[in-house]
Structures are given as C-alpha cells and as structure tokens.
Amino acid sequence: MPAWRLRDFHDDDLDQAIRVWDQSRHEDEPAPVFPISEVMAAARAKQPAVVAVVGHELVGMAVAHAQGERAWVLLVALAAHWRHQGIGSSLLAELERRLRAAGVRRISALLPDSATGATALQNSGFQARTGLTYYEKPEQTGADAGLLAAVGGRVMPSGLWDAVAGMEREKQIIERDIVLPLSEPELAGRYGVTPPKGVILFGPPGTGKTSFAKAVASRLAWPFVELFPSRLASDTSGGPAAALREAFTELAELVAVLLFIDEVEEIAAARGDLAITTGHGVTNELLKLIPGFREHDDRLLICATNSVRSLDPAFLRPGRFDYVIPIGPPDTAARTAIWQRYLGPAAGSVDLPRLVRASDMFTPADIEFAARKGAQAAFERELIHRDGKPATTEDYLTAIAGTRPTLTERTIRDFHEDIGAFSRM
Ligand SMILES: Nc1ncnc2c1ncn2[C@@H]1O[C@H](COP(=O)(O)OP(=O)(O)OP(=O)(O)O)[C@@H](O)[C@H]1O
Ligand SMILES: [Mg+2]
C-alpha cells in the first residue's frame, strides 16, 4: 500500500470529505450526533480538522470543535479500503496535538456504538463511559424538515427581532397585533382576541418590511416560506395561477408556517395594472386561495409592497387581511439606533448625532450601505498608515455624501397619503 500522510483540511477537500464520511457509516448505524453540516462547518472554520491523503485521494478525516479548554471530536472517518492501518489513530494524535497547542485540556467524543472511529479512539487512550444517555431536543416546532425543504422553507434563527434596530413604533404595533396573539393563543382566546391570519406591510423600499416578516417568524419559531411572484410565471406549464395553487397546497401539510409574499403588487395589482406575464387570473387565484389558508390555525400570510395604492381593492378588504401596517422611514431615534447597530467599534470614535442628521432621507438599508462604505474607508487608510487611528466622523460623512438616499419628498408624501387611505391596525 502506498504511504499516506497527514495535513490540515482545505476547503477544496469538501467533496471528497463528504464521500469519506458517507463511506464510513454503517447502514444500520443510528443517526450521528453531529450532522454532516455541522461537521463540515467546523472543518471549514479550522476548529481544527486534519485529513489523511494518499496522492490526491483523501482517505481519512478527523474534525474537532474546540471552545476554551474543552473540545469535542465531531468525526473520525475512514475510506472503506483504508481501515485497520492505524490511520484513525494517527489522525487523532495529530488532532490532539493541535488541540493541546490551542490550550484544550479536555477532549471528548460521542459516537454511535460500533461506529468507525471507535477503535481509533480506544487505541488513542480515550475511555468509553457507560451508563450515560444522550438527550436531544427535536429541532422544529412540528414541521417536517424534508417537507419544509421541499417548499423552500427555513426555520429562522432566534434573535432576528432584536436585530431590527430602532423602529420602536412599528415594533410595538407588530408585537401587539401579530406576535402576541399568535404566541399566546390560549390567553388571546380567553379574551376573545382572534389571532391574525393575514397582514400587509407597506412602505418605501428598504424600510425593513422583509426584515420584519422574518423577525416575526423568528419570534414565533415558525418556519418561514417565501413565495416569489416573479418566479410564478415561469414555474410550471400550467401558468402562474396553477403554480400559485400548487404552492398553497404544498404548504397545507406543514403544521405551522409563515408565508411571505414580497412585492405582492406583481400578482395583486388592480386590473389593468398587472404585468403582462402574470395577468389577472393570478390575482383571482390568490383571492380564492386566501380563505382556505385562513381556515387553519398556526398560519400567517404576510404580504409586502412598496405600492399599496396599486393593489386591487378586493385584495385589501378586511375579510382577507386583518391588518394593513405602514413601515415608514426611520425617524431620528430609529436612525440613531440603526447607525449604532452598523457602526460597530466605530461607534466610540464618531459624532453619532452628526451622522444621524446627515442621513435624514436614508432608509435603514441606505444606512447599512453608508456604514459599510465608511468602515471600508477607515480600514483602507489603516492599511496604508498602520497607525491604529480609529474611524472618523469624516469617513462616514464622506460615505453618506456618496450614498443616494432612497427617500424623496415625493415618496414620503405618497407614503403619508397611503397611511391615511389604506392603513388598518
Ligand atoms: N430596523 C433595522 N435595523 C437594522 N437593519 C435594518 C433595519 N431595517 C432594515 N434593515 C436592513 O436594511 C436592509 C433592507 O431591509 P429589508 O429588505 O427588510 O427592507 P424592505 O422594506 O423589505 O425593502 P424592499 O421594499 O426593497 O423589499 C436589510 O439588509 C436589513 O437588514
Ligand atoms: Mg423586501
């Protein structure tokens, strides 16, 4: 047999690594404690990860996850023809050397009985502990992961709500009208509060409509499914109306779901205003589908639009949507909070009120962009001078001057008119 050698994992190894992982699992083995996605993420983050190679072929791999003085071996895998030759033990020794160098004192592993790697662990001085049971909390709130993936859904990470900076008024309204009745259904029911099933968010581009929809899913821990009007047209041979019907049918199997339709005016504009590709057959279809959607518990439809005035009036009637909520331009307090969020370490060295004043017509998205440009300018200066000076107000004012504000007098006037004409909350 040709000699094998050890080296650090590279990103290029990913495909081969997955193949080796696959090969080293027995058919009847229980699901691994650390799923492949977690193992590969740790490998790519050099947590550390070591591979054994013969020529260009990857034949073995060991990955750990270290935190402070503690590390877990996430994987010891060997290609089918390379077992029983001491590669596993060498991989572990190499991995251990790296862990010790990083200050790790305790190293553990959690493997199914008889898994590949068990022998290598024993040969490397690991002792099996018995009498323990591995506990695991199932991941999702009822939704079947395979089904969810099939409809393009995701479970949002927690914490998205807190990541929406400022916007206190909008946050209060959305929390009161949407989040609380849905997260406390029994209490709401006792007081005769009906949880909402459909909501429209409207406002100028970049004000955070999509962010709010995701944040609500995050708060509720419901899967988030986004439906793209622009894709419906090309989706199936049956045309956009059939594609829409199919999407709603698939969703019906999920236990709980937040369905988000962005730029809903593309499929729900007043007759005559619709794009030629969609036509108003799709608007009628959507109008027909909403009542069925509303019949189920634990379902929320959020539609977002920049142009609420162009929506079909039938679409906006109360029976379909419980609330129509404006998401407006950020006021001074909100802009301050959003700047603070995106300034990061620069928050300590710049004149924040000046940046807030200078970004009067900015949306949160504009602020995010200007903050990135400002940080980039400070970073580039430091690359040249290497004098450790922090970012300056000037860096950010220049970035603001170079960013075209999304908001205009006109969009703001229209928005206020729309609030008068359409908002319901
Ligand atoms: N309150 C906020 N705090 C921090 N970042 C925000 C906030 N609101 C929006 N952002 C950021 O601004 C960007 C645009 O936000 P988002 O996509 O939610 O806006 P939108 O209203 O959906 O825009 P569009 O109408 O163009 O779809 C995102 O990167 C988002 O993270
Ligand atoms: Mg959006």
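I began with helix α3, whose buried residues are Ile87, Gly88, Leu91, Leu92, Leu95, Glu96 and Leu99; a residue is buried if 20 or more other C-beta atoms, placed from the backbone, lie within 10 Å of its own. The model is predicted, with local features needing pLDDT of at least 70 and side-chain atom pairs counting only at pLDDT 80 or more, while totals for chains, interfaces and linings use all residues. Residues are numbered from 1 along each chain as its sequence is written, and chains are lettered from A and ligands numbered from 1 in the order in which they are written.

I then looked up what those buried residues of α3 pack against, and found β1 (5-8), β2 (49-54), β3 (57-67), β4 (70-78), β5 (106-109) and α4 (118-123); helices (H or I, at least four residues) and strands (E, at least two) are DSSP runs, numbered from the N terminus, and contact means C-beta atoms within 7 Å. Just after α3, I noted that glycine 103 has a positive phi of about 95°.

Next I turned to helix α1 (residues 14-23) and helix α2 (residues 36-44), whose axes come within 12 Å and cross at roughly 140°; axes are lines fitted to C-alpha atoms, for helices over the stretch in contact, and angles run from 0 to 180 degrees between N-to-C directions. On the α1 side the contact is made by Leu14, Ala17, Ile18 and Trp21, and on the α2 side by Ile36, Met40 and Ala43.

Last, I found helix α17 (residues 364-385) and helix α18 (residues 393-401) packed at about 135°, with axes 8 Å apart.

How values were computed:
Two residues are in contact if their C-beta atoms, placed from the backbone, lie within 7 Å. A residue is buried if 20 or more other C-beta atoms lie within 10 Å of its own, exposed if 12 or fewer, and partly exposed in between; C-beta atoms are placed from the backbone.
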